[in-house]
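Dear colleague,

Please find below the structure that I am handing over to you.

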Amino acid sequence: MKSLDEVPGSGIIVENNNLDQENQSETSHNKSPLLADPWKPCQRSRATAKEWLLKLRCCLGAVCGIKWYGYAALGVLTAILSFLMDLSVTKLLTAHLWLYMKLEGNCLLQFFCWTLYPACLCAVASSFSHNICPFSTGSGIPEVRTMLAGFKMPHYLSLTNMFTKFLGLICTLAAGSTVFLGKVGPFVHISTMIGAYLSNLCNLIQTNEKEKAGGEMLAAAAAVGVASCFGAPISGVLFSVEVMCSHFALRHYYPCFFSAACGALTFRLFSVWSGDDETPQALFKTNFPAAVPFYPLEILLFAFLGLLCGAVSCCYLSCHQWMLQFTKTNPIFNKMMTTEKGLYSGMVAFLLASLTLPHSVGQYMASKHTMKQLLTSLLDSRQWSSQSHNASLQLGPEALLDWSSSGSPVFLPLAVFLLMKMWMLVLACTLPLPAGYFMPVFVYGAALGRFLGEGVAYVSSTGLTSGFQWASINPGGYALAGAAAFSGAVTHTLSPALLAVELTGQFSHAVPILIATVLANALARSGHRPSFYDALSISKRLPHLPSLKKAFPRLPSTPVGHVLGAISVKLQKAAGPMEVKLAINTTTDTQIPVVDSHESQIILGFALRAELLMFLLHCQTETLEKRLDEVCCIYPTSVLLSPHNTVQEAHSILSLVGAQTLFVADSGRLIGLITWPEMKRILEDLAKDI
């Protein structure tokens, strides 16, 4: 912090000189100011390039605001990174499966190939993330939610973090479905980091505009992260509204949709240009019957599926919270998670890979499939239970044959998959590496819905139901509804219902999917149970109030007066230069409270730091001493809190109004103030008691 002796004199003069230089450069762009520096190389070329860039900025700004180009660039860049990541992961997974098949006949070498490959990749991802940037581990969504709530966490938006998270996530995904982790959460974090840097770039370019692309860019980045992973822009925006932002401003809607549409379109076009698809279309192709997608009475079965998914999600969330608590309290786990992260990740990945070996239990879990192939096979509209007893019917290579290679009934592999993946996923969530947790629960819900759909199809095919209309049940529809319901219940959101429709293009099942998702959410939210991301925020002690109040419902009703800190600086209206000088040197706040007198403590408003600096300069140039209220403007406070107002109310005002400082007064007497750093301290102190 600068000393005050530098501020009134040289500091102000430097600032004024800078302002003069900026005004000169803005009024005379065509004078080539770079020519005035004789020591710089290529002076004329540099001046010409700068003039053309200024003309380009003017032309682009005439079409629309510079920030809209930033929104488009955000979507395109995030989609390019998503496509490159998918391409790299596909190559690594193909190489692993090729090597495993080449070792056919040697069980020992196949075992080591199947287990050591993902174990080494997870160990590398964990060690690389821990040594380069420890902030890159995990999903990143809890931290992004905290930043969107108004708190600054610059370490989570650094270029080093983005580079580390991108490479670490490739290693995690290349471990395959044995580890059973996804990429949605980390990619939302990566998109947010890109959005932060594009926001700074736009703010540097649009110097003459008052509105800066700050919070809007970060909110749009959260939507782009989902849109660039699935090519689903609408559900990406809804995800940003539900999960990321506690208060979503209406002015963010259009930028979010525009950026998400750019990202989704770019992602789908890259799939066409790479030869995977002939035209931009849904990511998961389905062949549901269009004439009669489902029967009216099946609505009751979809409702039952929603309740079933809600009950299973409660079990999963309880196990996940217990595992988070266990890893923090158990000394062995705590030591390994602190000092031996690479070893811990390798050991867990080796254990999970051993259990999914295709020649053992893995044959009942379609362990050779990737996450995308698993979901594609589960969404198959054919009835596996009836086809397994009819040899005349031709089965596709990715349907029943992969789930029942041993000739066992289809219910056995689905049951084994559901039982094994439940605890395996809970264990995999403890790995200290970049990983997403949405896609695994989405696939798990699809398996749960498929299990119920196959059961209904089997019962209807045996003639236990009356009427011919039950002869054509679509188990794929139940799998799609189960995926949306279970993932929505785990995250406490409804956006997976729309995501399921966008992923497959099956709008005919929109109503039963929504019914199942709503009922699953209702059951999962009962009893103030925290969601998956809320549990992560609570475990990390992040100052995210919507998450903290799930664990401690009385926390939002805590009066502000009980948690206020002492006021560091305040001025009286008759303050002289010495008092103002002391206040400037003591604090870096842009708004300093002004009271009537130190005896009465009646708050009058606040003074801006810039005007106080000008006041000191004015007093230095003149011999007569002036008072603060004679030179500076005392601005009235728009919002004044009472010590009886709650922490929830103060947090909401800071978020909605966008204020940086809130003053707390009791009967007009100033007793404290709340800023974002102060709110962060309050929430962190309250979180220690949870």
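Contacts between residues 24 or more positions apart make up 75% of the contacts in the protein chain with a separation of 6 or more. Please bear in mind throughout that this is a predicted model. The secondary structure of the protein chain consists of 28 helices and six strands. Of its 690 residues, 52% count as buried. A290 belongs to the loop between α10 and α11 (298-329), and A290 is exposed, with a relative accessible area of 74%.

**The sheet**

Three of the strands form an open sheet of mixed pairing, in the order β1-β2-β3. Because β1 (571-572) and β3 (603-608) each have a single partner strand, they stand at the edges, and one side of each is left without a neighbour in the sheet. Helix α25 (residues 609-621) packs on this sheet and touches β1, β2 and β3. The direction of α25 makes an angle of about 75° with that of β3.

The two pairings can be described in turn. β1 and β2 run parallel and are joined by two bridges, with Q572 standing opposite V595 in β2. Strand β2 (residues 591-595) pairs with β3 in the antiparallel sense, over five bridges. Within that pairing, I592 has A607 in β3 as its bridge partner.

How much of β2 is buried? Five of its five residues are, and the strand is thus described as mostly covered. Both of its faces are covered: Q591, P593 and V595 are buried on one side, and I592 and V594 are buried on the other.

The loop between β2 and β3 contains Q601. This residue has a positive phi of about 60° although it is not a glycine. Most residues other than glycine have a negative phi. Q601 is buried, with a relative accessible area of 8%.

**A second residue with positive phi**

The relative accessibility of A366 is 6%, and because the cut-off for a buried residue is under 20%, A366 counts as buried.

Helix α6 (residues 159-174) has 16 residues and reaches 23 Å from its first C-alpha to its last, close to the 22 Å expected at 1.5 Å a residue. Of these 16 residues, 12 are buried, so α6 is largely enclosed by the rest of the structure. The buried residues are N161, M162, T164, K165, F166, G168, L169, I170, C171, T172, L173 and A174. They pack against three helices, namely α3 (66-102), α4 (107-132) and α7 (184-205). Just after α6, G176 takes a positive phi of about 85°.

Helix α10 (residues 253-273) has 21 residues, and the reach from its first C-alpha to its last is 30 Å, close to the 30 Å expected at 1.5 Å a residue. Its buried residues include P255, C256, S259, A260, C262 and G263. Further along α10, A264, T266, F267, S271 and V272 are also buried.

**The pair α17 and α18**

Two packed helices are described by the angle between their axes and the distance between the axes. What are these values for helix α17 (residues 411-428) and helix α18 (residues 438-461)? Their axes come within 10 Å and cross at roughly 155°. Since angles over 145 degrees count as roughly antiparallel, α17 is roughly antiparallel to α18. The crossing of α17 past α18 is left-handed.

The contacts between the two helices involve residues of both. On α17 they are F411, L414, A415, F417, L418, K421, M422 and L425. On α18 their counterparts are P440, V441, V443, Y444, A447, L448, R450, F451, E454, G455 and Y458.

With kind regards

Technical notes: Residues are numbered from 1 along each chain as its sequence is written. This is a predicted model: local features need pLDDT of at least 70, side-chain atom pairs count only at pLDDT 80 or more; totals for chains, interfaces and linings use all residues. Side-chain values use heavy atoms; hydrogens and water are left out. Two strands pair if DSSP finds at least two bridges between them. Helices (H or I, at least four residues) and strands (E, at least two) are DSSP runs, numbered from the N terminus. Contact means heavy atoms within 4.5 Å. Axes are lines fitted to C-alpha atoms, for helices over the stretch in contact, and angles run from 0 to 180 degrees between N-to-C directions. The expected span of a helix is 1.5 Å times one less than its number of residues. Buried means under 20% relative accessible area, exposed over 50%, partly exposed in between (1.4 Å probe, protein chains only). Angles under 35 degrees count as roughly parallel, over 145 as roughly antiparallel, 65 to 115 as roughly perpendicular and the rest as oblique. A crossing is left-handed if the near helix is turned anticlockwise from the far one by less than a right angle, and right-handed if clockwise.
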